[in-house]
Amino acid sequence: MNKMESVSKRLYFILILLIVILAFSRSIVDFITDYLWFDSVGYAGLFTTEIFTKLGIFIPSFLVIFLGIGFYIKRLFKNYAELGKVIYSPEQEKNNKRIRGLAALVFSGYFSFVMARNLWFLLLQYLNKSSFDATDPIFGNDISFYVFTMPLFNSVFTTLISLVVGFIVITGGFYFLMMRLVPPAEGSLYDYNEITARPNFKSIFRKELVMYGLRKIAAFGTIFFILLSFYFFLRGFYLMYSPRGVAFGASYTDINVSLLGYRILAVISLIGAPAFGYGILKNKRLFMGFAPVLIVVVLVGMTGIGAVVQQLVVEPDEISKELEYLDYAIKHTQEGYNLNNVEEMEYPALENITAQDIFDNETTINNIRINDARPLKQTFNQIQVIRLYYEFNDIDIDRYILDGKYTQVFIAPRELNVNKLTESAQTWINLHLKYTHGYGIVMAPVNRVTEEGQPELIIKNVPPVTSTDLVVNRPEIYFGELTDHYIIVNSDEKEFDYPSGSDNRETLYEGTAGIELNLVNRFLFAIREASMKMLFSNNINTDSRIVIKRNIMDRVQTLAPFIEFDQNPYLVVEKDSGNLYWIIDGYSVTDKYPYSEVYNFNGQGINYIRNSVKTVVDAYNGDISFYVYDSEDPMVKTYARIFPGVFKDKEEMPDDLKNHVKYPQDFFNLQAEVYKEYHVSNPNVFYNGEDVWDIANEKFMEGLQQIESNYVMFELPEKDQVEFSLILPYTPREKPNMTSLLVGRSDYEEYGKLFIYRLPKDRTIDGPMMIESRIDQDSVISPQFSLWGQEGSEVLRGNVIVVPIEDSLLYVEPIYIESDNENAIPEMKRVIVVYGNQIAMENNLQDALMVIFGEREQTPVPGVQGDPDTLEELGEKYQELKKYIEEIEKLIEDLLEESHQ
C-alpha cells in the first residue's frame, strides 16, 4: 500500500509538472528566443537588467509572502481546531496541508509576479534618478520627486493595499468554508437559549473562536487605515495636476481647501487605525465607525466647501486670487514643452524685394517646394513600383549636397509588401526564404517637375540609376516599415533580389543580421513561429540564420519601450558609403510634470517632452544605435544610468548622418499647439485671453485644413548661409491675418533651437487664408480654375509655403490637376506666387517670379535658361493672356445662356 501510494504520488507530481510545462511552454520558448534576439543585436544587457531586477523583486517577495501565508493559514487551522473543539482526521490533516500549500503558492506567486512586473522599472528609475534642477512652487520638491519617486510610492501603496485586502479575504473565506465543511462543536460558535432551545446569536461575540477571527480582521483593518493615511498624504502632491482653476495645476481653492482637507483625512485615518481595531475587538460600533464616517464627512465637506470658496471667494476676484498660480502654470508649461528658451525676433515683413534679391537668394529660391508628398506618393506608386509586390509606404523630405549644391529633396524607399503577392505565390518558401527585401529608393528635388507636371527623378528605377553624385551602393532594404514577417537567410534557396526585364536577379544575404539556426534554435523558433515547415525544410542548412523583428518600429520599441518613438521614421543615404539608414526620433515623455498642462501626443496625455534620442537603424544589417541629442534631459540621463552602454553621445554619430538630423514635425507641431496660448508670459494677459493665437488655415487639395508645418530652406537674419528649418504661421484667434512665424532649426550646430518671428502689428500681414481668397478672386486665375473643372479635371491646391526672404515674405502655392479617370496621376500644372499686392500664376516658379520681379540686369534669374523676356514683354504677354481668358469666359457664358433657352 505504501509502495502504491509512493508511485501514485510520483505520477501525480509528474502529471502536474507536465501540465505546468505545457501551460507555460510557449512563454518559455518566447523567453529563450527573446534573449537570443536581444543578444544577436548586441543589447543582451537590456534584457538581463529587466530579468534580474524582476527576479530581485519576485524571489524575496515570493519567499516572504509564501512563508507568511503558509504560517498564517497553518495558525488558522490550528486555532480553529482548538477553539472550535474540532479534531481533524488524518485525511483532513493531509488535505489541510495541501490547501495551505496551494493557497500560499497561488497567492504568493500571483502577488510576487504582479509586484515584479509593476515595480521593476519604477524601482530602477527611483534608484538612478537624476535631478531636474527645478522645484515645484508649492512644496519645494525637486521635479524628480514627481517623475520618479511618486509613481513608485503609488505603486507600492496599491500593492500593499491589495495584500491587506487579500489577507482579509483569506481570513473571511477560511471561516466561511470551514464552518460549512468542518462545523465547530456545539457551543463553540454560539449558545442556545435554555427556554426556547434556539440559537442565541448575540452570544457569538463572546466566543473565542469568533473573537480570534475578528482580532485578525481588526489587525488588517488597522494596517489598512494606516495605508489610507499614507494615500491621503500623497493626494496632496497630486494637486499639482489639478484642472480646477483657470490654469492647469493647484489653484487657490486647491491649496486653501483641498490640501488642508487631505492633511485632515491623513490624520483621521492615522488616528482611526487603532480606533477601528479596538472597536472590532470590543464590539464598540462608535470606535469602528469613527474613521469611516469622519472620512466620508470630510470628503463631502471638502467638495462642498471647495465649491463655495470657488464661487463666492475666488470667482468674484479671480484674477487677484489666481494670479500667482497662473504664473506657475505658464512657467512650468513652457518648461515642460521646452518653450522657455524660444528666441524672439522682430521681422519687418517689408515689400522691397528686387530681382537682384531673388538672384542673391538662389539657394532659397531653388529649394521652394512645388511638389507635395501626398500626390507624389500616388505618382511614385504608379510610375516607380516596377512590380506589384513593391510599395512606397511613405515619402519624406530631407536635404543633401548634390553636385556641390545644397538641395532639398523628396526621398521614398521601395519596400517589399509580400501581401501583394498573388495568393498562389504566398507559399512558405516565397514568404520566408525567397522574397526577403525591398530594393532601392526614389529621389526627386522638391522644386522641379517635367513638362508633363510629373516630379523630376534624380534617383530612380531598379537597380538605382542616379543623375547626381549621390550613389546607392547597398540598395537592399531588409529592415523597414513593411517588413513584418520573419525571413531565413543563407538557405539553399536563393533570394529574389530585383526584377531585370522579364527575368529576376537572385542573391544571397551578405550581412550580419540573424540568429544561427542550429538544431536547438530551429526547434525553438519552429514553436515560436508555429511552423512545422521550418523544422523539416531541406532548404535550411547549418549556415542559415533566422531574422525576426524586422519592422524598424517593432525593433526599437522592443529594445527601449520606455522611449516614445516618432511615428514617422525616414530613410537616409549615407553619402560616403552609399548605404541606407533609418533615423527614428525618440522622446522622453511623462505626464507628471507639476503645473504643466496636459496635451495629447501620439494618443497619450503628456505634460513634459524632450526630443532626447535619435535612433539609427541599418536597413541592411538591422544594427541599432541610440544617440543622445539632449544631454540635459534628466529622464534620458536616468535611462543611461539604468542601462549603461546603451546610449551613445551624439558626437559618435557618423558625420554624414549628422547632416540629416532634422527637427521632427510631430514634436514641432505639439510645441506649436502649446505655444498658441503659452507664448504669453504675463498672467494678466493670459487670463484675459488678449493674445491667443491660432495656427493658420489653408485650402489644401479639395478641402480646408489647418496649415501644416513645412520644411523650408532660407537664410536667417545675421546668418550667411541657408538653413533647413521647420516653419509654421500663426494668426490671431479667429482672424485671417498673420501675426508670427514659429521656426525650428535642424542643421547640426543649431539643432533643436526655436525662434519666433514677430510680425508688425501696425499693419495687416496677409495670412494663408487671405492669400487663398486673393487667388480665388483673381480675374485671371479663378476663370482658369473654372475652365479646368469644366474640362473634366479636378483642381487640387497645394500647401501655401511662406518663405522669408530679405526681411520680406514670399507666398508660393502649387496647383495640381487630376483627371477624373481611375488611373489618373496628379500633375503639377501651375505655380502661384504672391508678393505684396502682386499675384502671378505661371507654368513654373521661375516664370512666376519673373512676372512679379522682372529680370536682373544683364543676368538671368536663377534657374531660367536662355535670354529671359524683359518685364515689359512679359507684362504684355500677361495682359494678352488675360484678354483671351476673358473672351473664353464670355463665350462660355453665351453658350450656357443658349443651352438654357
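A salt bridge here is a side-chain nitrogen of Lys or Arg within 4 Å of a carboxyl oxygen of Asp or Glu. By that rule, Lys699, Glu772, Asp776, Arg797 and Glu813 are linked in a network of salt bridges.

Before I go on, a word on the source. This is a predicted model, in which local features need pLDDT of at least 70 and side-chain atom pairs count only at pLDDT 80 or more, while totals for chains, interfaces and linings use all residues. Residues are numbered from 1 along each chain as its sequence is written, and side-chain values use heavy atoms, with hydrogens and water left out.

One of its links joins the side chains of Glu772 and Arg797, at 2.7 Å from N to O. Glu772 sits in helix α20 (residues 768–777) and Arg797 in strand β33 (residues 793–797), so this pair ties together parts that are 25 residues apart in sequence. Helices (H or I, at least four residues) and strands (E, at least two) are DSSP runs, numbered from the N terminus.

Are Glu772 and Arg797 buried or exposed? Both are buried. Buried means under 20% relative accessible area, exposed means over 50%, and partly exposed is in between, with a 1.4 Å probe and protein chains only.

The structure holds 34 salt bridges in total, and I will show two others. Glu673 counts as partly exposed because its relative accessibility is 28%, whereas Lys676, at 14%, counts as buried.

The other pair is Asp327 and Lys331, whose side chains meet at 3.2 Å, N to O. Both belong to helix α8 (residues 318–336), four residues apart, again about one turn of the helix. Lys331 has a relative accessible area of 45%, so it is partly exposed.

Next, the surface patches. Patches are made of residues with over 30% relative accessible area and no salt bridge; like charges are joined within 9 Å, and nonpolar side chains (Val, Leu, Ile, Met, Phe, Trp, Tyr) within 5 Å. Accessible areas come from the Shrake-Rupley method with a 1.4 Å probe, and for residues only the protein chains shown count as cover.

Which residues make the nonpolar patch? Val267, Ile271, Phe290, Val293, Leu294 and Val297 do, over about 480 Å². Helices α6 (252–282) and α7 (285–314) each supply at least two of the residues, and α7 gives the largest share, four. Val267 is in α6 and, at 45% relative accessibility, counts as partly exposed.

There is also a patch of positive charge, where Lys74, Arg75, Lys78 and Lys97 gather. Lys and Arg count as positive and Asp and Glu as negative, with His and the chain ends not counted; the place of a charge is NZ of Lys, CZ of Arg, CG of Asp or CD of Glu. Helix α2 (residues 44–83) contributes the largest share of this patch, three residues. Arg75 is in α2 and is partly exposed, with a relative accessible area of 31%.

Last, a single residue. Thr507 lies in strand β15 (residues 503–507) and is buried, at 17% relative accessible area. What is Thr507 in contact with, leaving aside its neighbours within four places in sequence? The list is His437, Tyr478, Lys494, Glu495 and Asp497, where contact means heavy atoms within 4.5 Å.
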